[in-house]
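This briefing looks at one helix and at the aromatic rings that pair with one another around it. Please keep the sequence and the 3D view at hand while reading.

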Amino acid sequence: MDAYGHVNNAVFVRYLEEARIDFLFRPEKDFQQGSVVARHEIDYKRQLVHRHHPVDIELWVSQIRAASFTITYEVKDDDLVYVRASTVVVPFDFEAQRPRRITAEEREFLQEYTDDPAPGDNKEEAVAA
């Protein structure tokens, strides 16, 4: 909470990070080979005042390229949206210190969460305080 009594803009970036890490680094499917954030884009729709119950963060994959992908988010309560955001993530080889291509397994995992209107479409929900 900031001096104005609402959740500060920098805190929203942390909420998005927590949701993204929970999504990408699960035991059965992960990006532990490495990835870095290349870009954040955030639209603040309304203020979120301090409270004791969490907000929902809905996320999905909106774009997959050869060596990057975009995660899109909504921070919300039911239909009330506080923030719409996106993050471009680049798979990264930390040993070689350079970006790498998305593996076939990573691409398959990401495609399960795209925003395509195909049957079986899935969106991940995470909760942030």
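In this predicted model, the count of aromatic pairs comes to six. One of them joins Phe12 and Tyr15 in an edge-to-face arrangement, with 5.9 Å from centre to centre and 80 degrees between the planes.

**The ring cluster**
- Phe12 and Tyr15 both belong to helix 1, where three residues, or about one turn of the helix, separate them.
- An α-helix has 3.6 residues a turn, so residues three or four places apart point the same way.
- Phe12 also pairs edge-to-face with Tyr44, at 5.9 Å between the centres and with 65 degrees between the planes.
- This second pair links distant parts of the chain, since Phe12 lies in helix 1 whereas Tyr44 lies in strand 1 (residues 35–44), 32 residues apart.
- Through these ring pairs, Phe12, Tyr15 and Tyr44 are linked into a cluster.

- Tyr44 is partly exposed, because its relative accessible area of 41% falls between the limits of 20% and 50%.

**Helix 1 as a whole**
- Helix 1 covers residues 9–24, which makes 16 residues, and it reaches 23 Å from its first C-alpha to its last, close to the expected 22 Å.
- Besides Phe12 and Tyr15, the buried residues of helix 1 include Val11, Leu16, Ala19, Arg20, Phe23 and Leu24.
- At the start of helix 1, a side-chain oxygen of Asn8 comes to within 2.9 Å of the backbone nitrogen of Ala10.

Definitions and conventions
Residues are numbered from 1 along each chain as its sequence is written. This is a predicted model: local features need pLDDT of at least 70, side-chain atom pairs count only at pLDDT 80 or more; totals for chains, interfaces and linings use all residues. Side-chain values use heavy atoms; hydrogens and water are left out. Helices (H or I, at least four residues) and strands (E, at least two) are DSSP runs, numbered from the N terminus. The expected span of a helix is 1.5 Å times one less than its number of residues. Buried means under 20% relative accessible area, exposed over 50%, partly exposed in between (1.4 Å probe, protein chains only). A polar contact is a pair of N or O atoms within 3.5 Å; within protein, one must be able to donate a hydrogen and the other to accept it, and residues adjacent in sequence count only if both atoms are side-chain atoms. Rings of Phe, Tyr and Trp (its six-membered ring) pair if their centres lie within 6.5 Å; planes under 30 degrees apart count as stacked, over 60 as edge-to-face and the rest as tilted.
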